[in-house]
Amino acid sequence: MAKLVMALRCIDGVVLGGDVPFGDISENEDVIRPLSQSVAILIHDDRLFGNWLVDEFLASSPKVDVPIEEIAEQAHSFFDSKCQELADQHQPIPLIGTIVAGVDWNGTGEIELYGLHVGNRFTPIIFGGNVFGGEYNAIARFLDHKIHTFTISMDNALQLAALYFVETRSIPALKLEPSLNLATIAYDRGFQTVNRERVKECLSQASRWSERLFAACTSVFSIPDSEIEE
Amino acid sequence: MTLAMALRAIDGLVLATDSRITGKGGTADISEKFLQVNRDIGVLTYGLAQPGYEGMSQLVSEVNRNQWAHFSKIADEATRIFQNAYENWVERQKEKRFYGVVGFILAGYDNLETNQFRIMHYDITPSPEQPLGRVSMRSMPGDLLVAQWYIARYLLTKFYYPEMTVNELAELAIFVIAETMTVEETVGGPIQMAVITQAAGFQRVHQQDIICMLQSHQKRFARFNQICRNIAFRH
């Protein structure tokens, strides 16, 4: 299960991330699946079913050199029809959501992010800010609300994604997968997977920030109101 | 959804919840999710507002009518009362379908048997096998946070320390609920709170006092925001 996926805007593109099992996983088990050089799809909750849906979608040869809104619409129709087939066969429909993210070279030229969830039959919802998916995305949203700005660099956005992952994993009851996958879609380079070494660096940095955050927080309630500086 | 919590301080319990109800017609911040059961015990509800309130009020009236005093007796009878309240409510609904989760927290001081502060959790989750659900009851040895609890738990791991008194913990609960409200749309409205101590029993915290606590937290909110902003990107 993928319990935390995210698409974070930054000044030079968008950073994509999601929790995955340890070790090498095959491409069709990942939470980040490229659809083209400028568009990718993130899968949350039932990762395996989501990958099956994306595999089937790609096998149906969707048009990907069109505006992202159209890609999201195609995904909506396709995913909904596949789930309807399951329902017709009286099979349970797994909990599944996706985020279609990319640089809209065929339309606005800007980053566009759409959320598609089984709960509303994959009707695309466009997001102006960052997008988070998965059952355990609340802490990431909370921190993002406090830290993220649209002018951060891609490097910093990668580190933020790692921080959100580390902070969510710090709560034992929130059982994320143990590792993090990251990818970027840059205006100048398109889609790129972030290699394991770089992910490791981001996670180490995030762990240091996490320790610092914990230490700094002790002052919030231990220092009397009157002594807190304006 | 909502955010409801029962927290353990060194000298008692803090019970707190928001007051938002969310439905097809939008949201309203008018829900009463909290009642006093007797001198030492309170009850909270979350999930479906109407059967939740009915369950709480039926518990209170049965405890008063039957003069139940033991925590264990009230806790056991609550299972039946909550189940009946939920089934009766479902029966009255025109639309026959699965309804959502409803849950309760019963918390207080057990002064007749264990001489301890106790927290019980009741949860009714309907399923295809049991459309009317079945109450599950659990005794909670630690704190209990339910419904939209993720952010609250995260903040408590940062700010809570075991030596906190009821008054300190009440302030922390207000802080945590207010911070949760900044991002969770289904948590909102006036905060409802009570504290339970051995000496004074169940005491509802007045709305005016909650507002005062919120005002006194303003520097803390700012300080926490500043910490979050400053922590990242410094090598």
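**View 1. Strand S2 (residues 13-20) of chain A pairs with strand S9 of chain A in the antiparallel sense, over eight bridges.** In this predicted model, local features need a pLDDT of at least 70 and side-chain atom pairs count only at pLDDT 80 or more, while totals for chains, interfaces and linings use all residues. Residues are numbered from 1 along each chain as its sequence is written, and chains are lettered from A, with ligands numbered from 1, in the order in which they are written. Strands (E, at least two residues) and helices (H or I, at least four) are DSSP runs numbered from the N terminus, and two strands pair if DSSP finds at least two bridges between them. Within S9(A), A:Ile185 is the bridge partner of A:Val14, and A:Ile185 also stands opposite A:Phe191 in S10(A). Strand S10 (residues 190-193) of chain A runs antiparallel to S9(A) and is joined to it by four bridges, the two strands being connected by a hairpin of three residues. Strand S9 (residues 179-186) of chain A is mostly covered, since six of its eight residues are buried; a residue is buried if 20 or more other C-beta atoms, placed from the backbone, lie within 10 Å of its own, exposed if 12 or fewer do, and partly exposed in between.

**View 2. Chain A meets chain B through 25 residues of chain A and 22 residues of chain B.** Two residues are in contact if their C-beta atoms, placed from the backbone, lie within 7 Å. On the side of chain A that touches chain B, helix H3 (138-147), helix H4 (154-169) and helix H5 (196-222) of chain A each supply at least two residues. By class, this side of chain A has 18 nonpolar, three polar and four charged residues, where Ala, Val, Leu, Ile, Met, Phe, Trp, Tyr, Cys and Pro count as nonpolar, Asp, Glu, Lys and Arg as charged, and the others, Gly among them, as polar. For the model, ipTM is 0.91 and pTM is 0.91.

**View 3. Helix H3 (residues 150-159) of chain B is largely enclosed by the rest of the structure, because seven of its 10 residues are buried.** The buried residues of H3(B) include B:Tyr150, B:Ile151, B:Tyr154 and B:Phe159. Against which elements do the buried residues of H3(B) pack? They pack against H3 and H5 of chain A, and also against strand S1 (3-9), strand S10 (144-147) and helix H4 (166-181) of chain B.

**View 4. Helices H4 and H5 (residues 207-216) of chain B pack at an angle of about 75°, with their axes 10 Å apart.** H4(B) is therefore roughly perpendicular to H5(B); angles of 65 to 115 degrees count as roughly perpendicular, under 35 as roughly parallel, over 145 as roughly antiparallel, and the rest as oblique. Axes are lines fitted to C-alpha atoms, for helices over the stretch in contact, and angles run from 0 to 180 degrees between N-to-C directions. The contact is made by B:Glu171, B:Ile174 and B:Ala178 of H4(B) together with B:Ile210, B:Met213 and B:Leu214 of H5(B), and these residues divide into five nonpolar, no polar and one charged.

**View 5. An open sheet of five strands in chain B has the order S5-S6-S7-S8-S9, with antiparallel pairing.** Strand S5 (34-36) and strand S9 (136-139) of chain B are the edge strands, each pairing on one side only, and the twist from one strand to the next averages 15°. Strand S8 (residues 116-124) of chain B and S9(B) run antiparallel and are joined by four bridges, with B:Asp123 standing opposite B:Ser136 in S9(B). H1(B) packs on the sheet, where it touches S5, strand S6 (41-47) and strand S7 (102-110) of chain B, and its direction makes about 165° with that of S6(B). H2(B) lies across S6, S7, S8 and S9 of chain B and runs at about 20° to S8(B).

**View 6. A:Ser61 and B:Gln67 are shown in their loops.** Most residues other than glycine have a negative phi. A:Ser61, however, has a positive phi of about 50°, and its place is the loop between helix H1 (47-59) and helix H2 (68-88) of chain A. B:Gln67 has a positive phi near 55° and lies in the loop between helix H1 (49-66) and helix H2 (71-92) of chain B. A:Ser61 counts as exposed because it has 7 C-beta neighbours inside 10 Å, and B:Gln67 is exposed, with 7 other C-beta atoms within 10 Å.
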